[in-house]
Amino acid sequence: MTSEPGRSVADCAMKCEPPHMQYCSAFAFVPESKLCLLTEAQNADFASVAPSGLVYRKSIDSDKKLVVIDG
């Protein structure tokens with residue numbers, strides 16, 4: 001898991017795409033600290049570092065849709 005400064009969920013979504021991060025499976029935005037948490041792990045658990053944030057995971061289908069999962 002890596003963290004980068006971020007301004008919003010949309011900003012974090014952009015950081016979870018190439019060329020910023022080659023293999024990003026999920027991300028969370030932590031508004032209190034203005035951080036994007038990014039990970040390659042498909043079943044990452046952000047609960048300990050982003051208890052109040054939503055977790056966004058990329059779906060496996062060909063449309064590359066994001067699936068929102070409550071933190």
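**Close-up views of a predicted model**

**View 1. The largest nonpolar core brings 10 residues together.** The members are Cys12, Ala13, Cys16, Met21, Cys24, Phe27, Phe29, Cys36, Leu38 and Tyr56. Helix α1 (9-15) and strands β2 (26-30) and β3 (35-39) are the elements that each give two or more residues to this core. A second, separate core has eight residues, including Ala28, Val30, Leu37 and Ala50. Here, a nonpolar core is a set of buried Ala, Val, Leu, Ile, Met, Phe, Trp, Tyr and Cys residues joined through side-chain atoms within 4.5 Å. Buried means under 20% relative accessible area, exposed means over 50%, and partly exposed lies in between (1.4 Å probe, protein chains only). In soluble globular proteins, nonpolar side chains tend to be buried together.

A word on reading these views: the model is predicted, so local features need pLDDT of at least 70 and side-chain atom pairs count only at pLDDT 80 or more, while totals for chains, interfaces and linings use all residues. Residues are numbered from 1 along each chain as its sequence is written, and side-chain values use heavy atoms, leaving out hydrogens and water.

**View 2. The whole chain runs β-α-β-β-β-β from the N terminus on.** You can find one helix and five strands here; helices (H or I, at least four residues) and strands (E, at least two) are DSSP runs, numbered from the N terminus. Of the 71 residues, 35% count as buried. The mean pLDDT, the predictor's confidence in each residue from 0 to 100, is 79 for the chain, and 79% of the residues reach 70 or more. Among the elements, β1 has the highest mean pLDDT (91), and strand β5 (residues 66-70) the lowest (56). Where pLDDT is low, the predicted coordinates should not be read in detail.

**View 3. Met21 has contacts beyond its sequence neighbours.** Once neighbours within four places in sequence are set aside, Met21 is in contact (heavy atoms within 4.5 Å) with Thr2, Lys15, Cys16, Leu38, Thr39 and Glu40.

**View 4. Lys15 and Glu4 form a salt bridge.** A salt bridge is a side-chain nitrogen of Lys or Arg within 4 Å of a carboxyl oxygen of Asp or Glu; for this pair the N to O distance is 3.6 Å. Because Lys15 lies in helix α1 and Glu4 in strand β1 (residues 2-5), the pair ties together parts that are 11 residues apart in sequence. Lys15 is buried at 17% relative accessible area, whereas Glu4 is partly exposed at 29%.

**View 5. Asp11 pairs with Arg7 in a salt bridge.** Their closest N and O atoms are 3.8 Å apart. Asp11 counts as buried, at 16% relative accessibility, while Arg7 counts as exposed, at 67%. A search of the whole structure finds two salt bridges.

**View 6. Phe46 sits in the loop between β3 and β4.** With a relative accessible area of 1%, Phe46 is buried. Leaving out residues up to four places away in sequence, Phe46 touches Met1, Ala26, Phe27, Ala28, Leu37, Thr39, Pro51 and Val55. Phe27 is 19 residues from Phe46 in sequence, and their C-alpha atoms are 8.5 Å apart.

**View 7. Pro51 is found in the loop between β3 and β4 (54-58).** Pro51 counts as exposed, at 62% relative accessibility. Look for Val30 too: the C-alpha atoms of Pro51 and Val30 are separated by 8.7 Å, with the two residues 21 apart along the chain.
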